[in-house]
Amino acid sequence: MNSTAPLDVGDHQHATFPDGLDLECGVHLPSLDVAYRTYGQLSPRRDNAIVICHAFTGDQYVAETHPQTGKPGWWGRMVGPGRPIDTDRFFVICMNVLGGCMGSTGPRSLKPACAEGRVERWGTDFPPITIRDMVRAQYKLVRSLGIERLFAVVGGSMGGMQVLEWAVTYPHMMLAAMPIATAPFHSAQNIAFNEVGRQAIFADPEWYGGRYWEHNVVPARGLAVARMMAHITYLSEEALTRKFGRRVRQEPKDAQAPEASLAMFGDVFEVESYLRYQGSAFVRRFDANSYLTITRAMDWFDLAAEHDGELPAAFAGTPVRFCVVSFSSDWLFPTSSSRYLVRALNQAAANVSFVEIETDKGHDAFLLDEPDFDRTVRGFLCGVADHAGLA
Amino acid sequence: MRLDQRLIAEMIEPGTRVLDVGSGDGALIDHLFRLRGCDARGIEIDMREVTRSVAHGLPVVHGDADHDLAHYPNDAFDYVVLQRTLQAVERPREVLRQMLRIGRHAIVSFPNFGHWQLRLKLLLSGRMPMTAVWHTPWYETPNIHPCTIRDFIALCAEEGYCVQQWMAVDEDGERAPWRRSIRLANLFGEQALFLLRREGECPPPPEES
């Protein structure tokens, strides 16, 4: 785990907004970059645009090979020509979130004030952001593309939080919303998991108070541990048993590795090996300060907060058609939180569909092969298009 | 679409807001949306049916009459429909109250336990009757609250609901509905269909002839 992530932001397609963004915390971001990718064609009436909001560690490369990892798009099986989110019909926009590390303004970006002279990164000075800040940054990009109304906003997990925030903040800007495997607020359990991840990063000797780049290192070990723990929460006991059981495998000998002394005749459990791989692959593409910034934004997410805890009030009079989807074995964003959301939407007399997909794959199921889920996405979008008279 | 669903659809004014509780495959809400311009939505307990309905573009939520109606606001709908389900809910009276709280009208259909075949079978065999409509044995049936047409009319009177329209129909829809005599309908009707209103101006109550 001695790999160090490249500290340069890389060259990603993006739009720059020199007027910046007023954040909820009161700080004004002097300049705003939003990195994005689009797929399909915007119709002449500009009425076929779908925004896809990525999850916590996702990015804008939803339906194409990732330029850094070389892996296929994270939702390529859902988005593309003839796919449930059909790019022959819809114009799909996916943006890297504010605070991210794939080209949008975030802790790894340079501070504008220092841009001329000394090169200075935001790092831990990056202001705290919220899910609403992320959505307001996305709104700026969508408007800059000449789109006045979105056909739909779709996303899972933290992407689902953004979908809900879109629907609450800009209800007249969209016809349909698809919050998937998500919740209207971050639960105590999920805040707890996030905190363990953050503490793992802080505990890494190469964290250097968040200014690790000055030492030309990254807190790879802490970030990998955070990822390993989070990854467990994305799966389910059944899925782990099915994939790994108690199988063991021979690990390449590395006397320096702290876990070497625990290996029995060089054997480790496959699940350990898998998690270590997930951890080490993650640190090559993700920034530790972004990890902190974004987990904090998730923790603060609570749609009912500005309505005295009354969630239905957040959706009062909403014209948006909702389709809420949960997965039966998801214990990070369980069906109960989706049902809570659905009941609040019912109380607001919103037009809502709600499906729980039967699966043993846990939270990650929304990224995996689930035919019922595919049919739900395709059918819901077609139904809304029918209603709206979309060609 | 079944005969009783066609009759239900005819009771519903075009362009209104409708909630179908127990929407099944979504045939009624699809019909109401496409042919009558209604804002029609569904609640269904069977997840396979929910997935199929949503995959056909219909607004359906997973839920059930006993637990989910309470979360809708007053007067959210013009009609709340409950098809062939009243006898299977935990608390039929409470479900009716919720239906007429969230909707101006309730449309309720249920299998009639007063049908002559059931009466005769119970009388002659002394065992729980089994017919084409009531086809599961007592220890497995989901129909925990069977009632007759006269029972239902009595409940409506007790609760102060206005019976705006009623009829008895046959299971397979081959024969004409019974509309005149409640006693005859209660003897020969396999399914009952009621259009209720909360209160107010009402046609004279159905006569026990």
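A: Chain A splits into domain 1 (14-187 + 300-388) and domain 2 (191-291). These bounds come from an automatic or database domain assignment. The model is a predicted one: local features need pLDDT of at least 70, side-chain atom pairs count only at pLDDT 80 or more, and totals for chains, interfaces and linings use all residues. Residues are numbered from 1 along each chain as its sequence is written, while chains are lettered from A and ligands numbered from 1 in the order in which they are written.

The centres of domain 1 and domain 2 of chain A, taken over C-alpha atoms, are 27 Å apart. Domain 1 of chain A puts 22 residues into the contact, and domain 2 of chain A puts in 15 residues. Two residues are in contact if their C-beta atoms, placed from the backbone, lie within 7 Å. On the side of domain 1 of chain A that touches domain 2 of chain A, five residues are nonpolar, 12 polar and five charged. Here Ala, Val, Leu, Ile, Met, Phe, Trp, Tyr, Cys and Pro count as nonpolar, Asp, Glu, Lys and Arg as charged, and the others, Gly among them, as polar.

Now the annotated sites. An unreviewed UniProt entry carries the annotation "binding site" for A:Arg227 and A:Asp364. They are spread over 138 residues of sequence but cluster in space, with a largest C-alpha distance of 14.0 Å. UniProt positions are given in the numbering used here, feature names are shortened, and annotations may be inferred rather than shown by experiment.

A:Arg227 sits in helix α4 (residues 220-234) of chain A. Helices (H or I, at least four residues) and strands (E, at least two) are DSSP runs, numbered from the N terminus. A:Arg227 has 21 C-beta neighbours inside 10 Å, so it counts as buried. The cut-offs are these: a residue is buried if 20 or more other C-beta atoms lie within 10 Å of its own, exposed if 12 or fewer, and partly exposed in between, with C-beta atoms placed from the backbone. Not counting residues up to four places away in sequence, A:Arg227 touches A:Gln278, A:Gly279 and A:Phe282.

A:Asp364 belongs to the loop between β14 and α10 of chain A. A:Asp364 is buried too, because 22 C-beta neighbours lie inside 10 Å. Leaving aside neighbours within four places in sequence, A:Asp364 is in contact with A:Tyr234 and A:Leu235.

Next, helix α7 (residues 288-300) of chain A. Its 13 residues should span 18 Å at 1.5 Å a residue, and the end C-alpha atoms are 19 Å apart, which agrees. The expected span is 1.5 Å times one less than the number of residues. Buried residues of α7(A) include A:Asn289, A:Tyr291, A:Leu292 and A:Ile294. The buried residues of α7(A) pack against α1 (131-144), α3 (188-202) and α4 of chain A.

Last, the contact with chain B. Here 23 residues of chain A are in contact with 17 residues of chain B. On the chain A side, β13 (321-327), α9 (335-347), β14 (351-357) and α10 (371-388) each supply at least two residues. α10(A) gives the most, with nine residues. By class, the chain A side has eight nonpolar, seven polar and eight charged residues.
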